[in-house]
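Open the model in your viewer and keep the sequence panel beside it. The stops below say what to select next and what is there.

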Amino acid sequence: MAQLRQEVDPREVGLDEKALDRLDRHVAHHVDEGRLPGFLLAVARGGRVAHLTTHGRRDIAAGLPVEADTLYRIYSMTKPVTSVAALTLVEDGSLSLDDPVADHLPAFADQRVYVSGSGADLTTRPARQPLLVRHLMTHTAGLTFAFYHCHPVDALYREAGLDSAVLPGSDLAGTVEAYARLPLQFEPGTQWNYSVATNVLGRIIEVVSGRPLDEFLAERVFRPLGMPDAGFQVTDEQAARLAELYGDTDSGAIQPIAGLPLSGRPRFLSGSGGMVASAYDIHRFMEMLRRRGELDGVRVLRPETVDLMTRNHLPGGADLRTVGSRPAHDEPGNDGVGFGLGVSVVIDPARTQAPAGPGTFGWSGVATTTFWVDPSRDLTVQFLTQLRPRKSLKLYPELKRLVHEAVLG
């Protein structure tokens, strides 16, 4: 069975063991205080895993420990994978970043944009420019999420039954058509709003390739990179390794909550947040990106494509805080951070909330999973647990600070 293993002594790759011990102790404290069930933390440099820690439980009630081969619902960490898959089609010449979405999904023709008002008094106008594939990948499409509760358009998503981003009982095609019937929150390409856009991108992949999304990702990403546990479902053989999902309570404790149904092939294949994966799978994916598209002699993307993916594409070179379209984007953690094609990108390290080298890129998931690649330090980091908190644990800045302190040069 493929599982992540430590490959080298930290000192051999310029990492401080004492600082890594501080990192472990800090995160373990969250577990010991009952704020996390357990975790896996891995730090690799130059492609070699130099630090691998597991602590706590993958299932508290059953007393099952977190192990190197534990499986996790990675939710929005699915988005970079879907983006890579779409970029393989761009390299094939069958898709362009500048294709109007309506060329592949006619339901998005004649899009309208919010102007003012709410409910029955909401007014819209025709979009001045087409919604493009690149807008989906950069989250500048004008789409949104129903759970934001901060704009009249997200209220329309709730009215349409899209509270969990999927139309109840529908598949990807039907859900995406439901998105298309709603107005855009803003003119495409003018602002950034994290949204259901990657589900639309996943549907475009299906239409262009003629293959279901799970099959296409397996063909173009999972099998070439040797990601044996990555996918949209868990087999009977894998089920015992899947971590329980937890949420927090008013008292600060954690308790099991319902997660993605993974026991069979889902009807709704979410390119936005539907994947399950192991630490080994994520390490392989990060390494391909760190190596600019190639791993173990297999090339998934050309180097220039990965460079394009991991470059800031926000309007005017702005950061997330500057062009975010809702109050929640106006956060200190968004200072100095831009967005590429499916990943965040550090554009001004001096302004970021946590230490990071220029060009550091990655993304996170709602169940407190995250990864990042720091090309300037030849570093890849992943942190995996299964907690959907109602409020931020402020854990990611702590992780980045403590990892940064461990890098000697």
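Select strand β15 (residues 369-374) together with β16: the two pair in the antiparallel sense over five bridges. Strands here are DSSP runs of E with at least two residues, helices are runs of H or I with at least four, and both are numbered from the N terminus. Two strands count as paired if DSSP finds at least two bridges between them. This is a predicted model, in which local features need pLDDT of at least 70 and side-chain atom pairs count only at pLDDT 80 or more, while totals for chains, interfaces and linings use all residues. Residues are numbered from 1 along each chain as its sequence is written, and side-chain values use heavy atoms, with hydrogens and water left out.

Within this pair, V373 stands opposite T380 in β16. Four residues lie between the strands of the hairpin, and D378 takes a positive phi near 55°.

Stay on β16 (residues 379-384), where six of six residues are buried. Buried means under 20% relative accessible area, exposed means over 50%, and partly exposed is in between (1.4 Å probe, protein chains only). Show the side chains: L379, V381 and F383 point one way, whereas T380, Q382 and L384 point the other way. Look for V43, which stands opposite V381.

Return to β15 and select β14, its antiparallel partner over five bridges. G362 has W372 in β15 as its bridge partner. The hairpin of β14 and β15 has three residues between the strands, and T368 in the turn has a positive phi of about 65°. Strand β14 (residues 361-365) has four of its five residues buried, so the rest of the structure largely encloses it. Strand β13 (residues 344-346) runs antiparallel to β14 and is joined to it by two bridges; there V345 stands opposite F361.

Now go to a separate stop, the open sheet of three strands in the order β8-β7-β17, with mixed pairing. β8 (254-256) and β17 (387-388) are at the edges with a single partner strand each, so one side of each has no neighbour in the sheet. Strand β7 (residues 246-248) pairs with β17 in the parallel sense over two bridges, and G247 stands opposite R388.

Move to helix α7 (residues 197-209). Its 13 residues should span 18 Å at 1.5 Å a residue, and its end C-alpha atoms are 18 Å apart, which agrees; the expected span is 1.5 Å times one less than the number of residues. Its buried residues include A197, N199, V200 and E206, and among the elements covering the buried residues are α2 (78-92), α6 (172-180) and α8. Just after the helix, G210 takes a positive phi of about 75°.

Finish with the core. Which residues have the most contacts inside the largest nonpolar core? They are Y179 and F285, in a core of 93 residues. Such a core is a set of buried Ala, Val, Leu, Ile, Met, Phe, Trp, Tyr and Cys residues joined through side-chain atoms within 4.5 Å. Helix α8 (residues 213-225) gives the most to this core, with seven residues. Another core, of 27 residues, lies apart from it and has L20, L387, L395 and V403 among its members.

Terms used:
Contact = heavy atoms within 4.5 Å.
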